[in-house]
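Hi there,

Here is the structure I promised to pass on to you. Have a look at it first, and then read my notes below.

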Amino acid sequence: MTANCAVTIIAENKTGILRDIGSACAEINANILTTQQEISAEGKDAGRAVISLEAEFSGDPADLISRIREIEGIVSVENHHSAAEIFGKRVIVIGGGAQVAQVALGAVNEADRHNIRGERISVDTIPLVGEETIARAVEAVSRLPRAAILVLAGSLMGGRITDAVRFVQSRGIPVVCLKMAGSVTSAADLVVTDPIQAGVMAVMHISTIGVFDIARVKGKEF
């Protein structure tokens with residue numbers, strides 16, 4: 001029986017460290033599911049690599065941790081729960097500050113109801129202005145780990161933003177938008193007038209215990 005093992009690795013910042021970690025995982029038949037690396041800028045590990053890794057492994061997680069610790073340049077390895085277990089699915093809200101705040105209000109209130117019952121749904125927001133800036137952010141949602149749905153909140157969106165919406169949808173992420181001027185409403189999976197309700201519906205869609213499915217009302221306005 002396989003299980004997921006999540007670890008945070010502190011390592012010296014040197015060429016080949018990820019290769020060595022990958023080789024160590026392969027040697028004991030641990031399949032890497034996700035990995036992310038950055039160089040710490042502060043604290044006792046400043047200048048070192050911080051690597052978050054989740055692997056599918058049929059053996060004892062202690063064996064995987066022990067094998068990674070043997071690699072030259074590894075400072076420490078810490079086992080913990082996965083990001084999916086802690087933060088769960090993510091609702092991403094992008095757009096104008098006032099509208100983003102209202103969407104977040106609805107999403108957080110609804111997520112609270114689900115998380116109390118054992119689910120894990122988190123809400124991420126970023127207020128932005130400008131077509132190109134928002135378009136880049138929308139496209140980047142497809143690269144965010146565990147991003148499950150996108151809500152666009154604003155008064156006017158179109159052009160490059162509409163193209164970015166279609167790109168995100170092609171990656172399997174549904175898009176909800178507020179009723180607004182611009183062509184983005186023609187591309188969104190769902191258009192909602194009330195920003196609070198938009199946040200609520202976004203959470204209901206990605207919930208595993210909810211019964212709301214955007215696919216059943218795709219293209220409609222509420």
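**What I found inside**

The largest nonpolar core of this predicted model has 47 residues, and those touching the most other members are Val91, Ile94, Val138, Leu150 and Leu152. Strand β7 (residues 147-153) supplies the largest share of this core, with 7 residues. Apart from it lies another core, made of 20 residues, including Ala24, Ala30, Phe57 and Ile68. As background, nonpolar side chains in soluble globular proteins tend to be buried together.

Once you set aside its neighbours within four places in sequence, Val91 is in contact with Ile121, Ser122, Val123 and Asp124, with Ile149 and Val151, and with Ala202, Val203 and Ile206.

**Two residues in loops**

Which residue sits in the loop between α1 (17-27) and β2 (31-39)? That is the place of Asn29. Its phi is near 65 degrees, a positive value in a residue other than glycine. Asn29 is exposed, because its relative accessible area of 61% is over the 50% cut-off.

Arg146 also has a positive phi, about 65 degrees, although it is not a glycine. You will find Arg146 in the loop between α5 (131-141) and β7. With a relative accessible area of 30%, Arg146 is partly exposed.

**How confident is the prediction?**

The mean pLDDT of the chain is 92, and 100% of its residues reach 70 or more. Among the elements of the chain, helix α6 (residues 160-170) has the highest mean pLDDT, 97, while helix α3 (residues 83-86) has the lowest, 87.

Happy exploring!

Definitions and conventions:
Residues are numbered from 1 along each chain as its sequence is written. This is a predicted model: local features need pLDDT of at least 70, side-chain atom pairs count only at pLDDT 80 or more; totals for chains, interfaces and linings use all residues. Side-chain values use heavy atoms; hydrogens and water are left out. pLDDT is the predictor's confidence in each residue, from 0 to 100. Helices (H or I, at least four residues) and strands (E, at least two) are DSSP runs, numbered from the N terminus. A nonpolar core is a set of buried Ala, Val, Leu, Ile, Met, Phe, Trp, Tyr and Cys residues joined through side-chain atoms within 4.5 Å. Buried means under 20% relative accessible area, exposed over 50%, partly exposed in between (1.4 Å probe, protein chains only). Contact means heavy atoms within 4.5 Å.
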